[in-house]
Amino acid sequence: MKIKRAFTSVIAGFSIAVGCLAINNLSANAATTQNGVTNDQINQYVNNATLEQKVGQMYVSRTPQDPNQVKNDVSKYNLGGLIVYDADMKGLTQQQFKDKMKSFQDSAQTPLLVGVDQEGGLVSRLTHSGLVQQNGNQFAFPRKQYEEGGMKEVVDDAEKNATLLRSLGINWNYAPDADYSTKPGTFMWDRTFGQGYQQTADYLSKVVPAWQHDNLVASTLKHFPGYGDAADTHTGFAENSKSLTELENQDMVPFKAGMKAGADSVMVTHVIYNKIDPEYPASLSPKINSLIRNNCNYNGVIVTDALEMGAITDFAKEHGNASVDVLAVKAGNDMIMTTDYATGIKEIVSAVKAGEIPESQINASVTRILQLKNKLGLLKPENLMFRKPTNNNNNTSTVINPGNTDHKNPSVISENNSITISGVTYNNDKKVAFINGKVSDPAAEGSMIMTATNANTGKKITTAVVGGKGVFAIELPMTNEVQNVKITSDDDSYAAVTTKVEAIKADKPVVNTDQNNKQNSSTEKQTNKQNNSVKDEVNITLNTEKQANSAKKNTQVVSKNINSEKTTVTNPVYKSAIKTNYQGKNVITISHNSAAHAVAQKSNNNAKVLPKTGTKENIVALFGLAITSTTALFGLALRKKN
């Protein structure tokens, strides 16, 4: 068997496409290295854990700012991992941060994957937070490292940074970036290696082992299947129009190289790939996910990009507030990056019990997650034994000592940090407002959360993630009153700003039924007056059989919108008047004497439905309409006679 596998690996090396077949073995071998537990112990855990406990392992969440909430939730929901951002590091010494991470791990039933975005450059949480001082090019973008020191500097800095991360209690890095952008100035340009698809592939084959040296830190290839020149998904939808063939021959080449080098995980982007799946963002698309498993035969951990980003919140709103957590699992992701675990776990469990998601898929994902934790040396046999969630609800809280001289106390507002509102826009029906703005620090991308609060009541309305170059867009519902909205950042060094959002413009009032006769009479007089100088021509085609069956009635009421009838109206006055609203329902009043006249108030599609035929109200209504129609016809006859 070993000889056969070795032979397969040699043959697979002749091409990237065939080389993907070897990725499964490489990833599996890396993930099952036995540092603390056996595969049998992992399988036993998966077989005995409750469905809720297993789904909890699939969540990696932004770290709540209340340390006690972190401890409670990590234990209560059996969370698989946490993400740390600038706000989790600011004002702390390195020892204080390590102690903080240890306290979170001590609360976990199974040790946590603690992740961070440490790509370099503007995406360097360590230096941007002030936890670590900048040191030459050590924390620069790989593009700059390569330009100034070649591949050796890139690899050396990756190794040093991996060792540093693990010493701080971080064991998962969302890097390296495997994307390639062709256009300077696009959202992903600075973060890419910038040397072409094949050169990026060569870079990844060397930098992945450097990041993962000694199994200290897991690396992540992002953003599959290749971000390219797409727009910023932090603030809204982004699209890519490449075909599958183009992606396979271009953007996916670096990913395949990184997978072949043994990358522990792959992050899926929120970009929509129109020619593969025009409906779902990649992170929610089974078609995109299948490329990872089937096209590349990859068996490592697949994780979504953060589901709080604008692209996904916009998608959910356009699809009836669908559960994006459930969609992410249905797509095939192993881990879901979101803070909505309290709701999402229940939704996923319900979907499994309803047969929408196979439990075997959940088991496979949890197995991969635990194998990765085992590879990183996090697991011990006692970690896979079940215990009741701990309760950390007490009145004590971690005291943050601003002893790190590399960064100011975050409770002090900085003159250099500011929030600027560039304007408020509205959707077409004036029901939704968009507050557009920017924070002064462009490196806040992805790490800073903006919160909109009602300035009068103090009630939280919504939140949004800051995107590239510090830009943000907060979407919030409008109300019947003008709103004073306060915008704040989760970074206390930014002073809050306030802006106004318009009120929903009230619809014109609907005339009630008791006023219909007066309204009809008034409109009829006005119409007849206008038509003294206008030649009327109304040709209405009716089904002969229907006309014969209704011969006993002077007027036929058809409860359909005029636009759906075979009707020709050449006179502009009649064209507007023939659209009527009888008791709130669009109707057409048609005479059997080859003429038609309908006079009523403007249409209101949300009003009441016409009463059923045979009811007392309908008889009265028809009688009233008959009188109106007869009067109209009599008026027309007199006018023609004159």
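Modeller: Gly 115 is buried, with a relative accessible area of 0% (buried means under 20%, exposed over 50% and partly exposed in between, using a 1.4 Å probe and protein chains only). Bear in mind that this is a predicted model, where local features need pLDDT of at least 70 and side-chain atom pairs count only at pLDDT 80 or more, while totals for chains, interfaces and linings use all residues. Residues are numbered from 1 along each chain as its sequence is written, and side-chain values use heavy atoms, with hydrogens and water left out.

You'll find Gly 115 in strand S3, residues 113-116; helices (H or I, at least four residues) and strands (E, at least two) are DSSP runs numbered from the N terminus. Setting aside residues up to four places away in sequence, Gly 115 touches Leu 82, Ile 83 and Val 84, along with Ile 170, Trp 172 and Tyr 174 (a contact means heavy atoms within 4.5 Å). Gly 169 sits 54 residues from Gly 115 along the chain, yet their C-alpha atoms are separated by 9.5 Å.

Zooming out, the chain has 642 residues, 50% of which count as buried, and it holds 22 helices and 24 strands. Take the contacts with a separation of 6 or more: 72% of them join residues 24 or more positions apart.

Next up is H11. This helix has 15 residues and spans 20 Å from its first C-alpha to its last, close to the 21 Å expected at 1.5 Å a residue, where the expected span is 1.5 Å times one less than the number of residues. Its buried residues include Tyr 197, Leu 204, Val 207 and Val 208, as well as Tyr 203 and Trp 211. The buried set packs against S4, H10, S6 (172-173), S7 and H13 (252-260). Gln 212 lies in the loop between H11 (197-211) and S7 (220-224), and it counts as buried because its relative accessibility is 8%. Beyond its neighbours up to four places away, Gln 212 touches Val 217, Ala 218 and Ser 219, then Gly 262, Ala 263 and Asp 264, and finally Lys 375.

Now the empty space. Rolling a probe the size of a water molecule over the atoms shows where such space is left. The work is done on a 1 Å grid over the protein atoms alone: a cavity is a set of points where a 1.4 Å probe fits but cannot get out, a pocket is an open set with protein on both sides within 12 Å along at least five of seven lines, and lining residues have an atom within 4 Å of a point. Points are joined across faces, edges and corners, and a volume is the space filled by probe spheres set on them.

The count comes to 5 cavities of 30 Å³ or more. In the largest there is about 210 Å³ of space, and of its 22 lining residues, Asp 117, Arg 191, His 234, Asp 305 and Met 309 are closest to the centre. That lining splits into 10 nonpolar, 4 polar and 8 charged residues (Ala, Val, Leu, Ile, Met, Phe, Trp, Tyr, Cys and Pro are nonpolar, Asp, Glu, Lys and Arg charged, and the others, Gly among them, polar).

The second largest cavity holds about 170 Å³. S4 (118-120), H10 (142-167) and H11 each supply at least two lining residues, and H10 gives the most, with 6. By class, this lining has 10 nonpolar, 6 polar and 4 charged residues.

For an open site, the largest pocket has a volume of about 1,200 Å³. It is lined by 48 residues, with Glu 308, Thr 313, Thr 339, Thr 463 and Ala 464 closest to the centre.

Finally, the caveats. Mean pLDDT (the predictor's confidence in each residue, from 0 to 100) is 79 for the chain, with 69% of residues at 70 or more. Residues 1-34 fall below 50, and that stretch has 38 contacts in the model beyond near neighbours in sequence. Residues 394-411 also stay under 50, with 30 contacts beyond four places in sequence. Where pLDDT is low, the predicted coordinates should not be read in detail.
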